[in-house]
Every structure is written in structure tokens, then in C-alpha cells.
Amino acid sequence: EVRGTLQPLWFRPIEPYIPQKVQIIAANGLLYISTARGLYALDADTGEIAWIYATEMPLGHSPTIDHGVAYVSGFDHKLHAIDAIAGPGPNNEPLWTFEAAAGFETNPLLVNGMVYAGNRDGYMYAVYANDHPDRGTLAWRFKTDGPILFSAAYQDNTIYFASNDAHAYALDAIDGS
């Protein structure tokens, strides 16, 4: 319900649960929404569903969109790369997935051809992005003593993040040192 003098241009009910920390991401004339059942892409002008990337487990956070690819992580232990314009392939195939030992609850950080995502298993993962010849494979990982539940930040070739081991970390973005 919209109260007051506001007039909605459109609205779209989405059946799967949308976690509170998920933010809508706008890019390519689409709105990307992570849900408990996958990633939805809606036409920003009309609200029509452009495509859905279905997942069996909830997605952990909002996607990151870069160079026509949507990167999103999930509780299914996977980091997913999906064509951000066309959506998944005919059988719901992503461009690639990377699997870790536990679920991802963070939104991926993408910098210089690398995807960084903290995991509930306590590792910060660096995975080659879709535009790299080794796309979807592990570049490096760094172990902490607690789950990583918050997204990383980047500045001057350094990634910064916190772990539930009560420590903040600063790592070299290229080699994880």
C-alpha cells in the first residue's frame, strides 16, 4: 500500500522471500533482486520479469553487476556468474559457478578481474571473474578463525573485511598476503 499523493508507476509481487539486507541493484535497464529462490531481473520501466535464475537455496546478498555479468553468492555454497542481460541458459545454466565448503552470505566485490567473497567457512575467496581466461577458478583464499558475514571493501590494491573472530583484515588484492 502506498499512502499519500504518491502514484506507483508499476509494482510487481515477487513470491519468494526477499531478505532484509538485500538491496535492489539497477543496471542495464534492469533491476536485480536476490531472493530465497534465486535472482530476479525486472525491466526497470515496466516491472515485467526479464528473466529468473532459479536456485534451490537462498541467495546470500545482493548481486554485483560488471561487464554484463551478474555475480551473486548463495547459501548453496556457490558463487554464481550469470549473463546479466540475457539471463541463464536454456536449462538455467549460469556462465560458471565456484563452490566453497560453506554458504556465502556476502555480496561479491569485483575489482580488476577478480571476485572477492567472504564465506561462512571463515575464508575470504578470490575467484577469477568472467573476463579472465581462468574464470570461475580460485586465485587464492585466506583463512580467518570465524565466519565472514560482511562484504569486503577495496582501496589502493587492498581489500578490507571483518570476520566474526573479532578481527579486521587488510589483504593484498592480488595474492592475498
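User: Hi! How many residues lie between β2 and β3 in their hairpin?

Analyst: Hello! There are two residues between β2 and β3 in that hairpin. Keep in mind as we go that this is a predicted model.

User: Noted. How many bridges join β2 to β3, and do they run parallel or antiparallel?

Analyst: β2 and β3 run antiparallel, with six bridges joining them. As an example, Y32 has A41 in β3 as its bridge partner.

User: And what about β1 and β2, how many bridges there?

Analyst: β1 and β2 are joined by three bridges and also run antiparallel. A26 is bridged to L31 in β2. These two strands make a hairpin as well, with two residues between them. In that turn, N28 has a positive phi of about 60°.

User: Is β2 mostly covered or mostly open?

Analyst: Mostly covered: β2 spans residues 30-35, and six of its six residues are buried. L30, Y32 and S34 point one way, while L31, I33 and T35 point the other way, and all are buried.

User: Let me switch to Q23. Where does that one sit?

Analyst: Q23 is in the segment before β1, which covers 25-27. Setting aside residues up to four places away in sequence, Q23 touches Y32 and S62.

User: How far is Q23 from I33 in space?

Analyst: The C-alpha atoms of Q23 and I33 are 7.2 Å apart, and the two residues are 10 apart in sequence.

User: Buried or exposed, that Q23?

Analyst: Exposed. Q23 has a relative accessible area of 53%, and the cut-off for exposed is over 50%.

User: Okay, salt bridges next. How many are there?

Analyst: The count comes to three salt bridges. One of them is between the side chains of R12 and E48, at 3.3 Å from N to O.

User: What does E105 pair with at 3.2 Å?

Analyst: That would be K21: the closest N and O atoms of this salt bridge are 3.2 Å apart. E105 lies in the loop between β8 (96-99) and β9 (109-111) and K21 in the segment before β1, so this pair connects parts 84 residues apart in sequence.

User: Is E105 buried or exposed?

Analyst: E105 is buried, with a relative accessible area of 16%. K21 is partly exposed, at 33%.

User: And how does R120 come in?

Analyst: The side chains of R120 and E105 also meet in a salt bridge, at 2.9 Å from N to O. R120 is in the loop between β10 (114-118) and β11 (123-128), 15 residues from E105. Through salt bridges that share partners, K21, E105 and R120 are joined into one network. R120 itself is partly exposed, with a relative accessible area of 41%.

User: Last topic: what is the strand order in the open sheet of three strands?

Analyst: The order is β13-β14-β15, with antiparallel pairing. The edge strands are β13 (153-155) and β15 (167-172), each pairing on one side only. Neighbouring strands of this sheet are turned by 25° against each other on average, direction ignored.

User: How many bridges pair β13 with β14?

Analyst: Three bridges, in the antiparallel sense, with β14 covering residues 158-163. Y154 stands opposite I159 in β14.

Note on methods:
Residues numbered from 1 in each chain as written. Predicted model: local features only at pLDDT ≥ 70, side-chain atom pairs only at ≥ 80, totals over all residues. Heavy atoms only, no water. Pairing = 2+ DSSP bridges. Helix = DSSP H or I, 4+ residues; strand = E, 2+ residues; numbered from the N terminus. Axes fitted to C-alpha atoms, helices over the stretch in contact; angles between N-to-C directions. Buried < 20%, exposed > 50% of the residue type's maximum accessible area, 1.4 Å probe, protein only. Contact = heavy atoms within 4.5 Å. Salt bridge = Lys/Arg side-chain N within 4 Å of Asp/Glu carboxyl O.
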